[in-house]
Amino acid sequence: MCGRYAASRRPEDLAGIFEIEKWEPKESLDPDYNVAPTKEVHAVLDRPLKDVEDPKPVRQLRKLKWGLVPSWSKTPEGAARMINARAETVHEKPSYRRAFSTRRCILPADGYYEWVTGKQERDLEVEGRKKRPRKQPYFVTPADGSVFAMAGLYEFWRDKTLPDDHPQAWWVTCSVITTEAETTPLAVAPADGPHALADIHPRMPLMLTPDRWDAWLDPARTDPDELTSLLAPPPAGLLRAYPVSTTVSNVRNNGPELLKELEGPEEGTLF
């Protein structure tokens, strides 16, 4: 799954990486080292501009809220539960299939955090222990330092309790698409810890390599078979994972120190 990630690149940097044609200073967000559900996040998308006669899609950097609200939803209350969409079923689930057809985006990140689900923890749960063990967080990021481009979907939702001219009348929300975690060896693995992403957690965000960005963002591509082929996992061996401080577990903590690599798992945590 993807429940927390880091996004520290400035809009001007993202504009160069993704060949952004349009972005507004008011859409800019400060670096965020602990992005949590319902927060505002940067998203790259191809969409025609408002109040412009030319219907040609324009590559934009937009500010969306993480946690998708389907257009048909009566309230936005379920957004926090819809932060992830499974690649295996995204084309058929009522909440996601329309967005999958024409409203796809890329959510730029430095990488994502995942808390290990180890054998010891499962054994404790089987034994009926009431106290949950402390999990060790890991940061997963491209080994070459490049952007982690997460495949995403976005949707529009109209708050009918507000007038048309109200600034919050329309919500634009998004989800991260996830897939099965890689079982192949990491490009760089910690000496004392997991050697594959599947050793940390069975799911991971779907990372899009640059050769798929244009096809994924193109709203003219609506054929389900063609789109499903874009959900294939990236080549193995592109990612590294390393342990970070358990302070990231508290969403109030935010800063570059959360990305600092530890020599090994913190004492008292599980792997």
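Helices (H or I, at least four residues) and strands (E, at least two) are DSSP runs, numbered from the N terminus. The model is predicted, so local features need pLDDT of at least 70 and side-chain atom pairs count only at pLDDT 80 or more, while totals for chains, interfaces and linings use all residues. Residues are numbered from 1 along each chain as its sequence is written, and side-chain values use heavy atoms, with hydrogens and water left out.

**Figure 1. Arginine 86 in strand β5.** Strand β5 covers residues 84–86 and contains arginine 86. Buried means under 20% relative accessible area, exposed over 50%, and partly exposed in between (1.4 Å probe, protein chains only). Because its relative accessibility is 45%, arginine 86 counts as partly exposed. Contact means heavy atoms within 4.5 Å; with neighbours within four places in sequence left aside, arginine 86 is in contact with Thr178 and Arg203. From arginine 86 to serine 101, the C-alpha atoms are 15 Å apart in space and the residues 15 apart in sequence.

**Figure 2. Serine 95 and the lining of the largest cavity.** On a 1 Å grid over the protein atoms alone, a cavity is a set of points where a 1.4 Å probe fits but cannot get out, and a pocket is an open set with protein on both sides within 12 Å along at least five of seven lines; lining residues have an atom within 4 Å of a point. Grid points are joined across faces, edges and corners, and a volume is the space filled by probe spheres set on the points. By class, 5 of the lining residues are nonpolar, 2 polar and 2 charged, where Ala, Val, Leu, Ile, Met, Phe, Trp, Tyr, Cys and Pro count as nonpolar, Asp, Glu, Lys and Arg as charged, and the others, Gly among them, as polar. Serine 95 sits in the loop between β5 and α2 (97–102) and is buried, with a relative accessible area of 19%. Not counting residues up to four places away in sequence, serine 95 touches Leu68, Pro70, Trp72 and Met82.

**Figure 3. The largest pocket and its lining.** The space in the largest pocket amounts to about 850 Å³. Its lining comprises 22 residues, of which Glu27, Lys50, Arg62, Lys63 and Val172 are the closest to the centre. Strands β3 (40–47), β4 (58–66) and β11 (170–180) each supply at least two lining residues, and the largest share, 6 residues, comes from β4. The lining divides by class into 10 nonpolar, 2 polar and 10 charged residues.

**Figure 4. Tryptophan 170 in strand β11.** With a relative accessible area of 51%, tryptophan 170 is exposed. Beyond its neighbours within four places in sequence, tryptophan 170 is in contact with Phe156, Trp157 and Arg158. Aspartate 159 lies 11 residues away in sequence, at 6.1 Å from C-alpha to C-alpha.

**Figure 5. Cysteine 105 and cysteine 174.** A disulfide is a pair of cysteine sulfur atoms within 2.5 Å, and by this rule the count is 0. Cysteine 105 is in no disulfide; its nearest cysteine sulfur, that of cysteine 174, is 5.6 Å away. That separation is too far for a bond between cysteine 174 and cysteine 105. Cysteine 105 is buried, with a relative accessible area of 0%, and cysteine 174 also counts as buried, at 0%.

**Figure 6. Isoleucine 106 in strand β6.** Strand β6 spans residues 104–109 and includes isoleucine 106, which counts as buried at 0% relative accessibility. With residues up to four places away in sequence not counted, isoleucine 106 touches Phe18, His42, Ala43, Val44, Ala149, Met150, Leu208, Trp213, Trp216 and Leu217. The C-alpha atom of proline 163, 57 residues apart along the chain, is separated from that of isoleucine 106 by 30 Å.

**Figure 7. The largest nonpolar core and leucine 239.** A nonpolar core is a set of buried Ala, Val, Leu, Ile, Met, Phe, Trp, Tyr and Cys residues joined through side-chain atoms within 4.5 Å. The largest has 30 residues, of which Tyr5, Trp66, Leu107, Tyr112, Met150, Leu197 and Leu239 touch the most other members. Two or more residues of this core come from each of β3, β4, β6, β9 (137–142), β10 (148–158), β11 and β13 (239–243). Apart from this core lies another, of 29 residues, among them Phe18, Val90, Tyr96 and Ala151. Leaving aside neighbours within four places in sequence, the contacts of leucine 239 include Val140, Phe148, Leu186, Leu197 and Met207.
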